[in-house]
Structures are given as C-alpha cells and as structure tokens.
Amino acid sequence: MRIATEVTASSKEAIAERLAEARRCTLGLIEPLDDEQLNRVYSPILSPLAWDLGHIANFEELWLVQTIGGREPLRGELGRFYDAIENPRRTRGELPILRDAELRSYLDDVRARTLEVLDEANLGDDAEDPLLREGFVYEMLVAHEHQHNETMLQLLMMVDGYELSRRVGHLSPGQAPGQLARRFEYPPVREVPHPPGSIRIAAGEHEIGAPARGFAYDNERPRHMVELAAFEIDRWPVTNGEYVRFIEETSAEAPLYWEREGDGWVDTAMGRRDPVDPDLPVVHVSWHEADAFAGWAGKRLPSEQEWEAVHDRLAGVGQVWEWTSSDFLAYPGFEAFPYREYSEVFFGDEYKVLRGASWATSPEVTRPSFRNWDLPERRQIFSGIRCATDA
Ligand code: AVJ
Ligand code: FE
C-alpha cells in the first residue's frame with residue numbers, strides 16, 4: 001500500500017512538472033511578441049495566437065477543473081468561443097475572446113485550479129472514471145498544449161523577424177526538470193548520415209495501432225492486424241534538392257515560403273531569406289504535391305499501415321510530417337473517447353493522414369501509432385514526403 005501511494009504521489013509530481021514544461025514552451029513561443037501580434041489575424045486558415053492561448057486554458061478548464069474537479073467555469077459562457085468545431089479558424093479573429101492581461105491571468109488561474117484538482121485525484125489503475133485511469137486526462141492535456149504549440153509555430157512562420165526563443169525546448173525522458181534538452185531550431189538540424197536507398201518488406205501480417213494500455217488518442221485504437229503486400233519504402237524523406245528538380249521539370253509550384261533568388265531558391269519563413277538547403281527534407285508541400293512528386297519519381301506515397309509497419313527502420317523521421325496515401329478513417333471497432341470532436345467528426349475521405357513528427361513537434365505528442373491529419377490542399381503544416389513502391 002505504502003509503495004502504491006508513493007508511486008502515485010511521485011507520478012503526480014511528474015505530471016505537474018510536465019504540465020509546467022508544456023506551459024514554459026507555450027510562454028517561450030510568445031515571449032518575443034506584443035499584444036498586437038497575439039491578436040493579429042495572419043491567415044484565414046490559422047487562428048490568432050490569442051485564440052490558441054485561450055483555447056489551451058479553456059480545454060484544461062473544461063476537462064480538469066469542470067469535468068474532473070466539478071468546479072464552475074471561471075468566466076461563465078466564454079468557453080463556447082474556444083470550441084474548435086463551433087468556431088472555424090477564419091472566424092476566430094472576430095470573436096470576443098480574452099486578450100492581453102486578462103488572457104494571461106486566465107491561463108494562470110486555470111492552471112492553479114488544475115493543480116488543486118490534481119492533488120485530490122486518484123489516478124491509479126483502479127480509478128473508476130476512465131478519464132482518470134492511468135492519468136488519461138492529464139496525458140491528454142499535456143499532449144494538447146504541445147499540439148497547439150505546433151499550430152502556433154505554423155503561424156509564427158508568417159511573423160516577420162520572429163526568432164525562436166532560447167527558452168523553448170523539450171525535456172527528454174529521464175532528464176532533470178528545468179533543463180531543456182532540445183531546442184526548436186529553424187532550419188532544423190541536419191541529420192548525418194543521410195542514408196540512401198530503400199527498405200524492402202515482404203508480404204505479411206502486421207499489428208497496427210496503440211496497445212490497450214498507456215495513453216493514446218481514440219483514433220489509434222483498437223490495435224489490429226493488417227495484411228500488407230510486399231513493398232519498398234525509401235529510408236530518407238524527399239529532399240529539397242530532389243524537389244527542386246521536380247518543380248523545374250514539371251513547373252509544379254514551389255513549397256510555401258520559397259522564393260526564387262537568382263538561379264536558386266530561398267526560404268522566406270519568418271521574413272528570412274535563407275538559401276534552401278538541398279539535403280534537408282522538403283517541407284510545406286500539400287498532399288496533392290506530395291502525390292504528384294511520387295508519381296513523377298516513378299513511386300507512390302506509402303499507406304499509413306505501411307509506414308507504421310516499418311517506422312523503426314526509417315531515417316529522417318522527426319523532421320517533417322509525412323503525407324500518406326490513406327484517408328483518415330476509423331479503425332475496425334473504433335470507439336470515440338473522450339469526445340467525438342477529437343477524431344470522429346473528421347473521419348471520411350476528406351482528410352489525409354500524416355505520420356511521423358516534425359521539428360516543431362514535442363516528443364510528448366508522438367508515438368509510432370500517432371495519426372495526424374489535414375486537408376489535402378494544406379501546406380502551412382510541417383508536411384513533407386516519403387516515397388514507396390510495390391515490390
Ligand atoms: C491532430 C493536429 C489535426 O489541430 O485539429 C488540437 C489536434 N485537436 N486540438 C487539430 C487538436 C484538438 C488536431 N490535429
Ligand atoms: Fe485543441
């Protein structure tokens with residue numbers, strides 16, 4: 001008994017530290033900005049940063065403080081303006097959301113209550129509420145805040161003169177709290193060596209999806225077997241150098257943020273003019289462009305099942321999200337949990353799945369079974385390409 005109690009207490013401390021770390025990342029991202037920049041609408045397909053910030057706090061208030069803690073909302077009906085489904089991104093600049101000092105105190109006030117509720121909660125395997133069992137709701141909160149950090153970084157690419165704060169970074173497992181291991185760096189750090197060639201996988205059965213225990217989103221479950229035909233998949237994602245040949249031979253559009261300069265290309269994200277590095281994975285391409293590139297190269301995009309079956313042998317993963325040929329569909333036996341609006345409302349042939357992670361993704365967010373998705377025309381996400389072929 002004593003041991004169990006201690007384990008719970010120390011994992012509560014670990015949760016509190018991970019929540020604090022997510023918040024340091026969030027605040028680090030906005031540190032160089034003024035209120036005008038937080039409120040500004042930079043693109044109709046992205047929220048103003050003030051909306052993401054209020055939504056992070058409101059999501060935490062809704063799930064932790066209200067649902068688990070049984071407390072009343074701090075700001076009455078405000079929550080409805082932070083509902084992502086009710087309020088499409090293009091409308092968010094006009095909403096009567098919290099701004100400036102009020103916004104910052106809402107983030108702090110919610111967090112203080114979250115920590116009170118954490119203190120009272122039973123997070124053991126025996127917890128009656130499935131939201132609390134194995135700390136599910138806290139895992140979801142940590143992941144959610146980091147996921148919105150990546151969305152905020154998509155917008156920050158559009159802010160002229162923006163510099164990534166030195167205080168933003170991620171803890172790696174086992175590292176002392178307060179020490180930041182990884183810093184966001186843009187352009188991302190080169191990974192050497194850059195392994196050429198492809199991996200051949202024989203036809204066979206593969207287990208796909210998240211195991212029943214441990215945190216995962218509903219769309220990763222249940223784990224199930226799939227039958228795959230033999231295939232080959234490139235070890236390394238498509239590089240900028242290869243993509244330049246494609247756009248020059250086919251007159252396809254350049255990736256988002258590229259501009260011509262002399263006979264070369266520069267990357268203008270954050271108002272910079274960095275020469276495009278031919279060895280880095282290409283990023284900011286749409287699914288249509290990724291699919292066209294693969295066809296031009298005599299290949300195809302991998303399915304998400306192929307990607308997952310071979311994920312531990314791929315290189316360059318963690319730099320760009322990789323478009324797959326798969327529509328975002330429910331796995332057989334899917335059950336929505338804890339809310340239909342995380343995954344279920346997006347299932348169908350409208351959205352394409354991306355796998356992996358990008359330089360802007362926290363390791364708190366990803367797993368081999370993690371499924372990201374977006375519309376096939378989108379390019380503001382950190383999306384790249386890996387090719388496959390039938391074998
Ligand atoms: C998994 C990135 C598609 O931003 O729509 C954040 C993540 N869901 N808050 C999204 C998410 C709810 C989601 N993506
Ligand atoms: Fe969200």
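In this predicted model, helix α7 (residues 287-296) buries Trp 287, Glu 289, Ala 290, Phe 293 and Ala 294; buried means under 20% relative accessible area, with a 1.4 Å probe and protein chains only. These residues lie on the same side of α7 because they cover an arc of only 160 degrees around the axis, the arc being that of the directions from the helix axis to the C-beta atoms. Helices are DSSP runs of H or I with at least four residues, and strands are runs of E with at least two, numbered from the N terminus. The cover over the buried residues of α7 includes α6 (240-250), β10 (321-327) and β11 (352-356), where contact means heavy atoms within 4.5 Å. At the N-terminal end, Ser 286 caps α7, with a side-chain oxygen 3.4 Å from the backbone nitrogen of His 288. Following α7 comes Gly 298, with a positive phi near 75 degrees.

Turning to the metal site, His 55, His 144 and His 148 each coordinate the iron ion (ligand 2) through NE2, at 2.1 Å; donors are N, O and S atoms within 2.8 Å of the metal (3.2 Å for Na, K and Ca), and water is not among the atoms, so sites may look incomplete. Along the chain, the donors follow the spacing H-x88-H-x3-H. His 55 in helix α3 (residues 49-68) and His 144 in helix α5 (residues 136-156) link distant parts of the chain, 89 residues apart. Both His 55 and His 144 are buried.

Residues are numbered from 1 along each chain as its sequence is written, and chains are lettered from A and ligands numbered from 1 in the order in which they are written. Local features need pLDDT of at least 70, side-chain atom pairs count only at pLDDT 80 or more, and totals for chains, interfaces and linings use all residues, while side-chain values use heavy atoms, with hydrogens and water left out.

Notes
Buried means under 20% relative accessible area, exposed over 50%, partly exposed in between (1.4 Å probe, protein chains only). A polar contact is a pair of N or O atoms within 3.5 Å; within protein, one must be able to donate a hydrogen and the other to accept it, and residues adjacent in sequence count only if both atoms are side-chain atoms.
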